Amino acid sequence: MDATSMIHLDRVTKIYPGSETPAVEELTLDIHKGEILVLVGPSGCGKSTTLRLINRMIEPSGGTILFDGEDVTNVNPDHLRRRIGYVIQQIGLFPHHTIADNIATVPKMLGWDKKRISSRVDELLDVMGLEPSEYRDRYPRELSGGQAQRVGVARALGADPDVMLMDEPFGAIDPITRDRLQNEFLRLQAVLGKTIVFVTHDIDEAIKMGDRIAILGERSTVRQIDTPERILALPADEFVDDFIGSGSTLKGLHFERVSGLDLTTYPTMALDDPVESGLTTLQASRQEWLLLLDSERRPVRWLRAGDLKRGVSGKGLLQYGQHVRSRVEENATLHDTLEEMLKSSTGRACVVDARGRFVGAVEIGHLTEVIRRLRDEAQAHYDSLEGSS
Amino acid sequence: MSDSKETDGPNALDRVAIISAGMSGVPARVNHSLTTDDDATDLAVAAVDIRPSRKRPLGLILAPIGIIALATLLWIYYRSLGLDSGDNFQQASALDWSVKLWPQTVEQVSIALWSTVIVVLIAVPAGIALTRPALRRYGPAVLSIANVGQALPAYGLLVLFLLLLGQGLTTVIWALVLFALLPVLRNTMVGLDGVDKPTIEAGRGMGMTKLQALIRIEIPLAVPVIIAGVRTAMIINIGMATLAFLIGGGGLGITINSGLKLQQDPVLLVGAGLVAIIALSFDWLGAVAERYLKPRGI
């Protein structure tokens with residue numbers, strides 16, 4: 001383990017009584033301070049068990065767990081858990097306690113005074129986007145699923161723990177609300193910087209939430225642990241590749257943005273420019289297409305030399321060539337850009353600035369180049385790891 | 001034996017079902033202004049406001065009115081018998097209020113109350129113990145013993161206790177304890193087992209000790225089911241106390257029995273009427289307890 005390690009599992013093993021094969025076998029795992037580490041794997045791979053070994057909801061059969069350098073394998077598990085936020089899929093709010101009492105559960109056990117508890121509760125409700133005066137005295141049954149899980153997260157944050165364990169926290173929530181809660185949580189985490197272990201079976205959620213992802217196989221063995229970018233670019237083995245499923249390359253494009261590309265320039269002409277000058281620029285550029293811009297320099301139509309030779313000018317040109325269907329901004333991800341490109345009949349997307357003015361174009365070649373680069377970078381990373389070990 | 005188990009279980013649980021049905025009968029109103037953040041998806045999470053109202057259900061108000069009406073009718077009937085006239089000495093002596101009816105009523109109620117209190121003191125802790133992991137495997141065995149109490153004919157059980165403990169009020173109380181143990185024990189176990197497991201896990205996961213989880217989560221959430229069992233036990237005991245006279249335990253059974261033996265229908269009627277009024281009153285008290293001892297929010 002190194003200095004940045006918050007939780008360190010050292011050859012942690014769990015064998016259930018009466019079972020021959022261990023549920024978790026000699027798992028060694030380092031969770032860095034302030035990161036979201038996602039444990040992801042097929043059902044029954046032991047990822048939830050692993051999570052519950054960390055807060056000793058399940059007692060390990062062997063191995064050691066270090067918590068910020070301190071061996072917690074033998075401390076009182078109840079006291080240990082009060083230092084760790086815990087969020088589960090079923091939420092498990094106490095139905096007979098008000099929202100405020102639910103959130104105050106751990107602070108009360110830690111013996112905080114009333115004033116401190118009540119201001120902490122209000123603060124957390126506020127952070128979660130639930131108006132304190134409205135929600136404090138309500139009961140869980142009055143909440144929607146999304147609101148209930150927000151309270152669940154608030155409750156886990158109650159005593160401001162350094163570490164949070166989250167077991168498929170958004171698994172039972174409808175897709176729209178889930179997406180929203182994920183975004184809210186990522187925004188929150190950017191401020192709080194907690195050390196989070198997050199379990200999910202959904203690779204897309206893992207890619208979205210994880211600073212790093214650990215892909216677990218049977219008996220909770222780590223098949224690959226790395227940043228989502230590198231896992232997508234270069235799956236370690238067939239198991240990981242299968243688990244990521246088809247479209248891993250496509251998913252990798254989520255992490256790259258248009259601003260990182262060397263855009264193709266195209267000859268342009270404005271609507272009120274003389275056609276002849278447009279034709280000259282096009283021929284000089286040796287490109288096949290010219291982009292017609294409006295008076296604000298916003299792309300309007302793709303034109304070929306033939307279109308310019310028809311003898312029409314100005315607005316008349318709008319009947320010819322190809323309509324510009326796909327525009328992306330510079331901060332768009334390559335994934336969204338590809339989507340735009342597929343919609344366009346020309347197979348390329350116009351990049352525009354915030355005011356819609358033409359900046360350049362993205363071609364399919366750009367994407368294949370990025371994909372190759374990502375793979376090479378990942379390969380180089382692994383080669384250097386191998387070289388140093 | 002298993003038959004009795006089948007018939008009692010649904011009885012106790014039905015009550016719970018009826019209560020919860022009553023709760024959901026509260027009209028739900030949709031509140032669109034619950035969340036304060038500005039995302040459009042808020043419409044999707046606009047909560048249905050199902051805040052339970054604390055209004056008393058109609059039944060709780062109507063029942064005492066009915067009981068009072070019944071008592072008034074019985075009193076009018078009692079006055080109309082003309083017991084002071086000296087025409088019917090047997091009747092007058094059997095229905096004497098201060099010598100016979102009132103003391104018997106007190107006996108009837110105290111038999112039922114004491115046996116129920118003892119049942120609760122035994123069955124609730126036993127039910128808690130038998131749902132702990134260490135003792136869980138003894139649960140079925142203990143339940144079947146408790147089942148014996150209820151499966152035996154009431155008369156037989158009383159006579160058995162007479163042989164063991166001799167005549168008197170205490171014997172009756174202990175017999176009734178065995179008789180009414182099952183509903184409370186089983187409802188305690190069912191109630192505790194029925195507590196949502198993730199809720200307990202969330203509590204334990206936040207660092208509650210086993211005892212804290214039991215006291216703060218499991219028991220409060222099981223209270224409605226446990227009280228339903230106590231209510232059943234109470235009603236059983238009120239009714240069974242009528243048989244106490246068989247082994248010298250007193251109670252209104254004496255008056256009813258005199259009415260039968262002397263073929264004096266008015267005596268029979270007054271005795272039975274008083275038992276009915278007591279039973280209905282206690283059932284009403286049980287319903288009130290179920291309603292107001294239930295934790296808020298569930």
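How many bridges join strand S13 of chain A to S14(A), and do the two strands run parallel or antiparallel? In this predicted model, local features need pLDDT of at least 70 and side-chain atom pairs count only at pLDDT 80 or more, whereas totals for chains, interfaces and linings use all residues. Residues are numbered from 1 along each chain as its sequence is written, and chains are lettered from A and ligands numbered from 1 in the order in which they are written.

Strand S13 (residues 299–304) of chain A is joined to S14(A) by 2 bridges, and the two strands run antiparallel. Strands (E, at least two residues) and helices (H or I, at least four) are DSSP runs, numbered from the N terminus; two strands pair if DSSP finds at least two bridges between them. Within this pairing, Arg301(A) has His323(A) in S14(A) as its bridge partner. Both strands belong to an open sheet of 4 strands in chain A, ordered S11-S12-S13-S14, with mixed pairing. Its edge strands, each pairing on one side only, are S11 (268–270) and S14 (322–323) of chain A.

Chain A is assigned a domain 1 (5–244) and a domain 2 (259–367), with bounds that come from an automatic or database domain assignment. The centres of these two domains, taken over C-alpha atoms, are separated by 48 Å.

Two residues of chain A were examined for their backbone angles. Most residues other than glycine have a negative phi. Arg11(A), by contrast, has a positive phi near 45°; this residue is placed in strand S1 (residues 5–14) of chain A. Glu168(A) likewise has a positive phi, near 45°, and is found in the loop between strand S7 (163–167) and helix H8 (175–192) of chain A. Exposure was assigned by counting other C-beta atoms, placed from the backbone, within 10 Å of a residue's own: 20 or more for buried, 12 or fewer for exposed, and partly exposed in between. Arg11(A) is exposed because its count is 12, and Glu168(A) is partly exposed because its count is 19.

In chain B, the axes of helix H7 (residues 154–165) and helix H8 (residues 169–193) come within 9 Å and cross at roughly 130°. H7(B) is therefore oblique to H8(B). Axes are lines fitted to C-alpha atoms, for helices over the stretch in contact, and angles run from 0 to 180 degrees between N-to-C directions; those under 35 degrees count as roughly parallel, over 145 as roughly antiparallel, 65 to 115 as roughly perpendicular and the rest as oblique.
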